[in-house]
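Here is a short briefing on one protein model. Look at the sequence and structure first, then read on.

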Amino acid sequence: DTTHAIHNLVRGLSPYPAAWSELYHESGLPLLIKIYRGHPVMENVASATGTIKSDGKSYLKVSTADGYYQVDSIQLQGKKQMATADFLRGFPDVMQYCFK
């Protein structure tokens, strides 16, 4: 999907029931996540759609068909909703996952 289509979906479903997706790792089961807030980032994409780009501390971007979608507020299954920086402190290996 395009960055703006994803952004509109997240805005339309927040705060309830919230947009959701799954994080996939090659060695384990998918993790369900909910996305509450984010914004489009129009940059050239050099990776496959669904690839995560992050500094591991403050931002989390997901590649889309025409740019990136930066996640600002996220919830991992079984956890509370939190800012992306807080999520990354507790989930430092996020770069080993991808969205599907």
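The points below cover confidence, strands, the core, and ring contacts.

This is a predicted model, in which local features need pLDDT of at least 70, side-chain atom pairs count only at pLDDT 80 or more, and totals for chains, interfaces and linings use all residues. Residues are numbered from 1 along each chain as its sequence is written, and side-chain values use heavy atoms, with hydrogens and water left out.

**Confidence**
- The protein averages a pLDDT of 90 (the predictor's confidence in each residue, from 0 to 100).
- 100% of the residues score at least 70.
- Confidence is highest in strand E6 (residues 82-83), at a mean of 96, and lowest in strand E7 (residues 98-99), at 80.
- Helices (H or I, at least four residues) and strands (E, at least two) are DSSP runs, numbered from the N terminus.

**Strand pairing**
- Two strands pair if DSSP finds at least two bridges between them.
- E1 and E2 run antiparallel and are joined by five bridges.
- A hairpin of six residues connects E1 to E2.
- Serine 21 has isoleucine 33 in E2 as its bridge partner.
- E2 also pairs with E5, in the antiparallel sense, over eight bridges.
- Here glycine 38 is partnered by valine 71 in E5.

**The largest nonpolar core**
- A nonpolar core is a set of buried Ala, Val, Leu, Ile, Met, Phe, Trp, Tyr and Cys residues joined through side-chain atoms within 4.5 Å.
- Buried means under 20% relative accessible area, exposed over 50%, and partly exposed in between (1.4 Å probe, protein chains only).
- The largest core has 20 residues, and Leu23, Phe87 and Phe91 touch the most other members.
- Strands E1, E2, E4 and E5 and helix H2 each give two or more residues to this core.
- E5 gives the most, with four residues.
- Leucine 23 touches residues including Ile33, Ile52, Phe91 and Tyr97, not counting those up to four places away in sequence (contact means heavy atoms within 4.5 Å).

**Ring pairs**
- Rings of Phe, Tyr and Trp (its six-membered ring) pair if their centres lie within 6.5 Å; planes under 30 degrees apart count as stacked, over 60 as edge-to-face and the rest as tilted.
- By this rule there are two aromatic pairs.
- Phenylalanine 87 and phenylalanine 91 have ring centres 5.3 Å apart and planes at 40°, so the pair is tilted.
- Phenylalanine 91 and tyrosine 97 also form a tilted pair, at 5.3 Å centre to centre and 45° between the planes.
- Ring pairs link Phe87, Phe91 and Tyr97 into a cluster.
- Phenylalanine 87 and phenylalanine 91 are buried, and tyrosine 97 is buried too.
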